[in-house]
Amino acid sequence: MWDDTIAAIATPLGEGGIGIVRVSGPEAMGIAGRLFQSASGANWRMKGSHRLFRGRVVDPANGRLVDEILLGVMRAPHTYTREDVVEFNCHGGIVAVRRVLELALSAGARLAAPGEFTRRAFLNGRIDLAQAEAVIDLIRARTDTGLEVAAGQLTGRLSRRVRQLQDELLGLVARVEASIDFPEEDAGFNSADDLECGLADLIDAVARLIRQAETGRVYREGISTVIAGRPNVGKSSLLNALLDENRAIVTDIPGTTRDVIEEVLNVRGIPLRLADTAGLRETADKVEKAGVERARELLQQAELVLLVIDAGAGLTDADRELIKLAGHKKGLILINKSDLGGAAVITEQLREMDSKPVLSVSARFGTGLEQLLDAIGNLVLSGAVAPAGDLLVSNVRHQDALKRCLNHLKAARLSLAGHMPVDLAAIDLREAWEALGEITGTAVSEDIIDRIFSDFCIGK
């Protein structure tokens with residue numbers, strides 16, 4: 001399946017300056033030769049690699065012009081897939097690009113599966129599995145920090161560290177197994193302390209990566225955040241103020257927000273997936289009631305809650321109920337409309353309740369918003385922002401593999417401490433090595449590979 005030629009549209013469908021049809025495989029040059037005519041009449045196939053040629057795409061069935069294009073020619077092995085690759089750089093537009101793709105398929109290519117270009121890059125050894133996953137993280141990055149984390153993994157920083165740990169682990173396995181096979185020849189460790197020291201260093205290294213994984217996940221996936229509160233306390237105004245645009249309708253009429261409004265806000269490099277919900281109250285209005293129920297569901301699912309209280313109305317019984325409802329959630333209580341006074345009294349009342357951290361803000365005048373953003377960043381990361389340039393594990397699959405590796409390393413150490421047979425420790429050490437191999441793809445099942453690349457778009 002992986003030795004044929006594939007084609008796909010590599011740019012988003014729609015009007016634009018350019019639309020690209022990418023073809024990769026052993027027949028890529030032949031397909032281009034059947035569809036492309038050089039404007040100069042020169043034989044482009046006799047030229048070098050990584051060059052652009054101006055010309056046109058012609059339907060070989062009837063000789064009709066389809067589009068004037070630039071043909072990108074890249075020859076193996078110095079390409080994204082390590083195969084011959086051609087790219088038809090067409091005028092951006094749905095019809096022309098799709099027609100060129102149809103001609104490429106008729107000329108001998110098949111439609112690429114999701115992520116198949118990157119999968120071929122992995123299978124052909126140009127990148128490993130962690131780098132392949134970084135490609136989609138790079139595409140989906142929503143902040144500069146998320147982009148930086150993904151770019152670091154794409155360059156192989158995580159892969160190099162994992163391979164280093166695998167090499168160290170393999171050294172331990174080899175020496176343990178030598179001790180088993182040649183117990184009389186001092187082929188293994190000089191002492192049990194020697195093995196313990198090597199294990200301790202590996203455990204510390206893997207544990208460090210795991211500790212930073214939650215920070216990496218936050219930068220990669222963001223935090224689901226709900227703005228909750230009674231009707232007309234200023235939830236929508238707060239959303240608009242944070243986004244610096246009129247995203248939500250704001251009126252003095254309670255119950256204006258009846259559905260969930262979702263936006264992404266960059267908070268100190270963290271993608272905050274922000275949801276403005278309907279005011280939580282009992283209502284007979286069917287539409288508003290559905291919005292309230294949805295708001296309650298999101299409140300239970302959210303990782304972070306911003307609970308808004310109206311400073312002018314004071315702390316009501318309904319506010320107290322909402323605080324109890326969100327009591328188990330990480331979050332902040334925001335006393336909005338602080339310009340009306342009353343914030344100090346409410347703050348003291350909340351202090352007596354031993355509630356979440358409290359901030360006074362004014363969505364109308366923008367007061368306290370910078371402090372709010374700082375508080376959110378500190379709360380989400382719990383002060384655990386990694387130093388600049390530090391390695392962050394951002395993928396949940398990688399985090400799970402590291403945790404399994406750590407468990408096997410600890411099990412090996414317990415076996416040795418309990419004077420169990422050394423071959424039991426060797427089994428756990430090999431399992432730890434395989435867990436690390438799942439990150440880079442040196443020890444991973446076909447099912448996992450299929451699942452990873454199914455998340456990619458067609459054309460990448």
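Helices α4 and α5 (residues 144-154) pack at an angle of about 155°, with their axes 8 Å apart. Axes are lines fitted to C-alpha atoms, for helices over the stretch in contact, and angles run from 0 to 180 degrees between N-to-C directions. α4 and α5 are therefore roughly antiparallel to each other. Here angles under 35 degrees count as roughly parallel, over 145 as roughly antiparallel, 65 to 115 as roughly perpendicular and the rest as oblique. The crossing of α4 past α5 is left-handed. A crossing is left-handed if the near helix is turned anticlockwise from the far one by less than a right angle, and right-handed if clockwise. On the α4 side the contact is made by Q131, A134, V135, D137 and L138. On the α5 side it is made by L147, A150, A151, Q153 and L154. Contact means heavy atoms within 4.5 Å. By class, this contact has seven nonpolar, two polar and one charged residues. Ala, Val, Leu, Ile, Met, Phe, Trp, Tyr, Cys and Pro count as nonpolar, Asp, Glu, Lys and Arg as charged, and the others, Gly among them, as polar.

The model is predicted: local features need pLDDT of at least 70, side-chain atom pairs count only at pLDDT 80 or more, and totals for chains, interfaces and linings use all residues. Residues are numbered from 1 along each chain as its sequence is written, and side-chain values use heavy atoms, with hydrogens and water left out.

The protein chain holds 16 helices and 13 strands. Helices (H or I, at least four residues) and strands (E, at least two) are DSSP runs, numbered from the N terminus. Of the 460 residues, 49% count as buried. Buried means under 20% relative accessible area, exposed over 50%, and partly exposed in between (1.4 Å probe, protein chains only). Among contacts with a separation of 6 or more, 68% come from residues 24 or more positions apart.

Two strands pair if DSSP finds at least two bridges between them. β1 and β2 run antiparallel and are joined by four bridges. A7 stands opposite V23 in β2.

R51 lies in strand β4 (residues 51-58). R51 is partly exposed, with a relative accessible area of 40%. Leaving aside residues up to four places away in sequence, R51 touches L71, G72 and V73. The C-alpha atoms of R51 and M74 are separated by 7.1 Å, and the two residues are 23 residues apart along the chain.

A second open sheet has six strands in the order β9-β10-β8-β11-β12-β13, again with mixed pairing. Its edge strands are β9 (261-267) and β13 (358-360), and each pairs on one side only. Neighbouring strands of this sheet are turned by 25° against each other on average, direction ignored. β8 (residues 223-229) and β11 (residues 304-310) run parallel, joined by five bridges. T225 stands opposite L304 in β11. β11 also pairs with β12 in the parallel sense, over six bridges. There, D310 stands opposite N336 in β12.

β12 is mostly covered, with six of its six residues buried. G331, I333 and I335 point one way from β12, and L332, L334 and N336 the other way. In a regular strand the side chains alternate between the two faces of the sheet. Helix α13 (residues 369-381) lies across β8, β9, β10 (270-276), β11, β12 (331-336) and β13, at about 165° to β12.

Helix α3 (residues 116-123) packs with helix α16 (residues 446-454) at an angle of about 140°, their axes 10 Å apart. That makes α3 oblique to α16. The crossing is right-handed. T118, R119 and F122 in α3 meet E446, I449, D450 and F453 in α16. This contact has three nonpolar, one polar and three charged residues. Seven of the eight residues of α3 are buried, including F117 and A121. The buried residues pack against β1 (6-9), β2 (18-24), β7 (110-111), α4 (129-140), α15 (422-440) and α16. G125 follows α3 and has a positive phi, near 80°.
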